[in-house]
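The explanation then turns to aromatic side chains and to individual loop residues.

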Amino acid sequence: MTTLQSALAGEWPLQIVGTINANHALLAKRAGFKAIYLSGGGVAAGSLGVPDLGITNLEDVLTDVRRITDVCDLPLLVDADTGFGPSAFNIRRTVRSLIKNGAAGMHIEDQIGAKRCGHRPNKEVVSKDEMVDRIKVAVDARTDGSFMIMARTDALAIEGVNAALDRAHAYVEAGADAVFPEAISDLATYKKFSSRLQAPILANITEFGLTPLFTVDELGKSGVSMVLYPLSAFRSMNKAAEKTFESIRKNGTQADVIGDMQTREELYERINYYEYERALDNFSNNKEK
């Protein structure tokens, strides 16, 4: 399994694309991405059909992690929310479970337990000291030194840039390998984070949020090391599904949307169907002998 650190060494800024399921992980690899991501909001909305408001638990996330890492060897960064529990024991279990199930890294945030989407109002953050403790526990729990522990801070919208920078510095001092400052709205602020912190910076370029759709080149010039697209394919998939359902219901046939569909041949190629089929045929032939 490739590590996130080696992926970073091979591509800068490193593009990390959200994969809502194992099929999308294979598609991302086919497209040439060197790292992939599992979004907490994606698990909530995609796997459970609920909002990303602290409703999902560790086992919900691990189910999707296992399915992805079973078929795709790209390094997987996982959204670990606030650690999935109020105590150090919960955070320790989260770190070790993610490593055991093949994840390459995680980010943990400084919101309170009843968290909100990072691009929505009325967020609340825990104290800097409490988040430092979360980081220290996560680092201490790590059983694989290559597993990346990233600190996300949502303090920018609540306490301002300087306080968010102060928090981020404390998180790096506590052992965080990288920093994820959420909901930044300008390149100058990314530059402040990258120039003042001795750690890689991740930019979350999510659609329809508070962060403009900056390009990789723009972010790279601002010192950003990783560029995240957490739910781009998921949003496209949902829109296409909605269009297809509405067309079939309205017209009584899928003929009008057939041109937008992945063909059977394309699906089979992307999930290696023919390799499985050949293996099955070989097994059957050998059994007959």
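The largest cavity holds about 40 Å³ of space. On a 1 Å grid over the protein atoms alone, a cavity is a set of points where a 1.4 Å probe fits but cannot get out, whereas a pocket is an open set with protein on both sides within 12 Å along at least five of seven lines; lining residues have an atom within 4 Å of a point. Grid points are joined across faces, edges and corners, and a volume is the space filled by probe spheres set on the points. By this rule there is one cavity of 30 Å³ or more. Its lining is made up of Gly18, Thr19, Ile20, Leu38, Ser39, Pro230, Leu231, Ser232, Ala233 and Phe234. Helix H11 gives the largest share of that lining, three residues. By class the lining of the largest cavity has six nonpolar, four polar and no charged residues; here Ala, Val, Leu, Ile, Met, Phe, Trp, Tyr, Cys and Pro count as nonpolar, Asp, Glu, Lys and Arg as charged, and the others, Gly among them, as polar. Helices (H or I, at least four residues) and strands (E, at least two) are DSSP runs, numbered from the N terminus.

The model is predicted, and local features need pLDDT of at least 70, side-chain atom pairs count only at pLDDT 80 or more, and totals for chains, interfaces and linings use all residues. Residues are numbered from 1 along each chain as its sequence is written, and side-chain values use heavy atoms, with hydrogens and water left out.

The open spaces come next. The largest pocket contains about 550 Å³ of space. Of the 19 residues that line the largest pocket, Met237, Ala240, Asp260, Met261 and Gln262 lie nearest its centre. At least two lining residues come from each of helix H2 (22-31), helix H11 (232-251) and helix H12 (264-270), and H11 supplies the largest share, eight residues. The lining of the largest pocket comprises nine nonpolar, six polar and four charged residues.

The second largest pocket has a volume of about 470 Å³. It is lined by 26 residues, and those nearest its centre are Cys117, His119, Thr206, Leu231 and Arg235. Helix H3 (40-48) and H11 are the elements that give two or more residues to this lining. H11 provides the largest share, four residues. The lining of the second largest pocket contains eight nonpolar, eight polar and 10 charged residues.

Aromatic side chains form a further theme. Four aromatic pairs are found in a search of the whole structure. Rings of Phe, Tyr and Trp (its six-membered ring) pair if their centres lie within 6.5 Å; planes under 30 degrees apart count as stacked, over 60 as edge-to-face and the rest as tilted. Tyr268 and Tyr274 make an edge-to-face pair, 5.8 Å centre to centre with 85° between the planes. Tyr273 and Tyr274 also form an edge-to-face pair, at 5.7 Å centre to centre and 90° between the planes. Tyr268 is buried at 18% relative accessible area, whereas Tyr274 is partly exposed at 28%. Buried means under 20% relative accessible area, exposed over 50%, and partly exposed in between (1.4 Å probe, protein chains only).

Several loop residues complete the picture. Asn272, in the loop between H12 and helix H13 (273-288), has a positive phi of about 60° although it is not a glycine. Asn272 is partly exposed, at 34% relative accessibility. Phe208 lies in the loop between E7 and H10 and has a phi near 65°, a positive value in a residue other than glycine. Phe208 is exposed, with a relative accessible area of 78%. Thr211 is found in the loop between strand E7 (202-204) and helix H10 (216-221), and Thr211 is buried at 3% relative accessibility. A polar atom of the Thr211 side chain lies 2.7 Å from the backbone oxygen of Ile184. Finally, the peptide bond from Trp12 to Pro13 is cis, with omega near -10°; Pro13 is in the loop between helix H1 (4-10) and strand E1 (14-18).

Note on methods: Polar contact = N/O pair within 3.5 Å; in protein donor to acceptor, adjacent residues only side chain to side chain.
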